[in-house]
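Please brief me on this model, topic by topic. Keep it short and tied to residues I can find.

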Amino acid sequence: MLLKRLSEASGASGDEGEVRSLLKEELALHAEEVTTDALGNLYFKKGIGRKPRVMVVAHMDEVGLMVVGYEKSGLLRVAKVGSIDDRVLASKVVAIGKDRVPGVIGAKAVHLQKPDERTKAIKIDNLYIDLGVRSQEEAEKLVKIGDYGTFTVTAREAGDNCLIGKAFDNRAGCAVLAELLKEEFALELNAVFTVQEEVGLRGAGVAAYRLHPDLALVIETTAAADVVGSKESAYVTKLGDGPALTLMDSTYIAPQQIVDLVVETAEKLNIPYQFRRLTTAGTDAGIISQTHAGILSAVISIPCRYIHSPASIINLDDWQNTLRLARGILNAVAEGGLRLEGIA
Amino acid sequence: MEIKRFLKDICEAPGVSGYEEYVAKVVRAAFCSHVDEVRQDRMGNVVFLKKGSSSAERRPRILLAAHMDEIGLMVTKIEEGGFLRFSAVGGIDPRTIVGQEVILYGREKLPGVIGVKPPHLVPAEELGKGHKMEDLHIDIALTEERVRKLVSVGDLALIRRELIQLAGNTVAAKAMDDRAGVAVLLSCLQELERLRHEADVYAVATVQEEVGVRGAAMATYGIVPDLGIAVDVTHGEMPGVLEHEACKLGKGPGITVGPNIHTKISEEIIRVAKEYRLPYQLEAFPGPTGTDARAIQVTRGGIPTGLLSIPLRYMHTSVELLDMDDLKLSGRLLAYFIASVDLEFVEGLSCC
């Protein structure tokens, strides 16, 4: 399953090479043109010259770690790449650098902690990656300052048609985009796998500038907080309830005609959908919609529990329905279902 | 059997305190070709006897104990939505299990995740606080109805973790505490095959150490040894841990001294280490240790006890880390010590 391979690939923001290679290899035959740019965004073009010109976007990067220093003992100091709750780091396995050198993030034994220590969050300043070496010199031979680290997790089926794994944000979106690229649409399809979303939507703006499309459709992965202890009003999305349409987040507000298009498409095709019920955080649409003189953009997302942690959960029906909805939107747009010039 | 291979097999095997049947099978299979007798006592301890070479009627009886149980999780409640609340079996820092994959041992083996309420729902001041056990749940991604069919209160769960080969001879895994000790026993038995030893050796994989050193007490009672050596793990050096609280990795086993340990035993182990030029570290512990040695010493009318420890970092996490050299050195030292024990030595232990 491509989704599993994508989930297991290592690619923190700025280090998307492994994911890029995997996608190139998998999809090159399905496009008329494959290009990259200076930041590392990966573009596939299909139906060159057709109208309208649509850009479908999924970011390749994941949250991760970066090696920033050595201790004399050979332990590594690390910084976070993107937004990770420090409290998920302890007692995990990571792989570092191009050679994927294995390391573990340890934690002080519970026996040695004082009572007040136990109540505090374990912050990244008190955590290290342990490569199993005994000196800085040995560590320097294995890992360089600036090397990236990601969690090592095997993607695995679980529960009611669900998948447990890391980096579903946004490899699940990448996998949807990969499927779309294998299909035919009566428009110019620009499938763009972007870089550096997790550190501030850095890649997508460049991509949108270069392509200047009539419409951008962003396929994302978003939080599902439908767990015990949270109120229904705070769920954001619910696992299994279908793709989530973004109305508003910190970076973007959906134009009404986008909302209408997505909702009508979902209802016409009998695809379950939900609204993303949180107005913070952001996606690539935040920057794309503000590129050139403004680009019409839509965001649909796959719900994901425990997002940005080493073991997150998505529902494969949601994934399938996100693919169906994206396909439906593209077909509707190809049939002229969207007014592409200015607001009336 | 190669020791690292065995260590991988037992560390990955499930065996929460009180539920050691599966790991016990793995241990039996690996040990049986090195011993003369095997039995399992009522509590679940597996006792392996390797007979001594002396033809005398009275041979010294040496007990070796390493516990095969591990810390784990037990389901305490099925919540609405099918989320599972749990408590710890043994000492677990809840802050080290957030975002871990688990295997839940319900009616079938079920993959799951330890989840918490997402950070965006938590007030900023709470983000500085560590998660408590009651904040956490196990998510097996099933509807509540199916969860109730497959899972019941009292079911066990373990962190999913395969043994990881790190640089050099360093490895990390769950349950190294104290499957590494069990591996030392196997290594010792293998060493003993090329040594002459007068004493009968009772190597025991004990149960229920993590919940109060219970198995070793029963095993010792049943065997009535002349002396007992516990093999466990000890804290390895790391930032935030005082130097005198920890042993260095790769510098040989820790030999404990203190009230829990018979002086003549620690002195003899040290003498043997020096004779065979085996590295060791001294570990002073001013009271009953948190190991099987604690129980062995006060069984029946009192048993002379020793303790050998493998330095290990990140104890009671799922990435317990150690140096294979320490493990092999421990097995060798233990074997040479056993070979040095004769009747005169054990009889001298009662005279203080």
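Helices (H or I, at least four residues) and strands (E, at least two) are DSSP runs, numbered from the N terminus. This is a predicted model, where local features need pLDDT of at least 70, side-chain atom pairs count only at pLDDT 80 or more, and totals for chains, interfaces and linings use all residues. Residues are numbered from 1 along each chain as its sequence is written, while chains are lettered from A and ligands numbered from 1 in the order in which they are written.

**Chain B overall**

- Chain B holds nine helices and 17 strands.
- Its C-alpha atoms fill a box of roughly 70 × 40 × 40 Å along the principal axes.
- Of the 352 residues in chain B, 57% are buried. Buried means that 20 or more other C-beta atoms lie within 10 Å of the residue's own; exposed means 12 or fewer, and partly exposed is in between, with C-beta atoms placed from the backbone.
- Among contacts in chain B with a separation of 6 or more, 76% join residues 24 or more positions apart. Two residues are in contact if their C-beta atoms, placed from the backbone, lie within 7 Å.

**Where the chains meet**

- In chain B, 55 residues are in contact with 52 residues of chain A.
- Strand 7 (109-115), strand 8 (137-139) and strand 11 (170-173) of chain B each give two or more residues to the side that touches chain A.
- Strand 7 of chain B supplies the largest share of that side, four residues.
- By class, this side of chain B has 24 nonpolar, 21 polar and 10 charged residues. Ala, Val, Leu, Ile, Met, Phe, Trp, Tyr, Cys and Pro count as nonpolar, Asp, Glu, Lys and Arg as charged, and the others, Gly among them, as polar.

**Domains of chain A**

- Chain A is assigned domain 1 (2-62 + 166-334) and domain 2 (64-151). Such bounds come from an automatic or database domain assignment.
- The C-alpha centres of domain 1 and domain 2 of chain A lie 31 Å apart.
- Each of these domains of chain A gives 12 residues to the contact.
- On the domain 1 side of chain A, the residues are three nonpolar, five polar and four charged.

**Helix 2 of chain B**

- In helix 2 (residues 21-31) of chain B, the buried residues include B:Val23, B:Ala24, B:Val26, B:Val27 and B:Phe31.
- The buried residues of helix 2 of chain B fall within an arc of 160° seen down the axis, so they line one face. That arc is of the directions from the helix axis to the C-beta atoms.
- B:Glu21 and B:Ala29 are exposed on the other side of helix 2 of chain B.
- Cover for the buried residues includes helix 1 (3-12), strand 1 (37-40) and helix 4 (176-192) of chain B.

**Backbone points to check**

- A:Lys51 and A:Pro52 are joined by a cis peptide bond, with omega about -10°. A:Pro52 is in the loop between strand 2 (42-46) and strand 3 (53-59) of chain A.
- From A:Asp169 to A:Asn170 the peptide bond is cis, with omega near 10°. A:Asn170 lies in helix 5 (residues 168-181) of chain A.
- B:Tyr314 has a positive phi, near 65°. B:Tyr314 is in the loop between strand 16 (305-312) and strand 17 (320-323) of chain B, and counts as buried because it has 26 C-beta neighbours inside 10 Å.
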